[in-house]
Amino acid sequence: MTTEHSRSALERLREYYDHEELVCPDCGYEDADGGWRSETNGDVVEYSHECPQCGAVRSHTLDVHEE
Ligand SMILES: [Zn+2]
């Protein structure tokens with residue numbers, strides 16, 4: 001049950017990043033065709049996004065085991 005809960009929480013966060021955080025805070029460019037890249041090593045999931053216009057990189061690291 002804990003697994004289900006964390007999975008859905010991660011899914012929601014991923015959707016949030018994909019849909020709500022594509023506007024660059026530095027230059028205001030909206031990367032409508034882009035998305036967050038996610039990488040995981042089993043303990044954390046790291047999301048990163050590079051603005052195609054100004055090159056600013058943002059990243060979020062999520063603890064998979066966080067409850
Ligand atoms: Zn930018």
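Student: Leaving aside its neighbours within four places in sequence, which residues is Val-45 in contact with?

Tutor: This is a predicted model, in which local features need pLDDT of at least 70 and side-chain atom pairs count only at pLDDT 80 or more, while totals for chains, interfaces and linings use all residues. Residues are numbered from 1 along each chain as its sequence is written, and side-chain values use heavy atoms, with hydrogens and water left out. Contact means heavy atoms within 4.5 Å, and on that basis Val-45 touches Ser-38, Glu-39, Thr-40, His-60, Thr-61, Leu-62 and Val-64.

Student: Which residues make up the largest nonpolar core?

Tutor: In soluble globular proteins, nonpolar side chains tend to be buried together. A nonpolar core is a set of buried Ala, Val, Leu, Ile, Met, Phe, Trp, Tyr and Cys residues joined through side-chain atoms within 4.5 Å, where buried means under 20% relative accessible area, exposed over 50%, and partly exposed in between (1.4 Å probe, protein chains only). Here the largest one has 6 residues, namely Tyr-17, Leu-22, Trp-36, Val-45, Tyr-47 and Leu-62.

Student: What are the protein donors of the zinc ion?

Tutor: Donors are N, O and S atoms within 2.8 Å of the metal (3.2 Å for Na, K and Ca); water is not among the atoms, so sites may look incomplete. For the zinc ion they are the SG atoms of Cys-24, Cys-27, Cys-51 and Cys-54, at 2.3 to 2.4 Å. Cys-24 counts as buried because its relative accessibility is 3%, whereas Cys-27, at 33%, counts as partly exposed.
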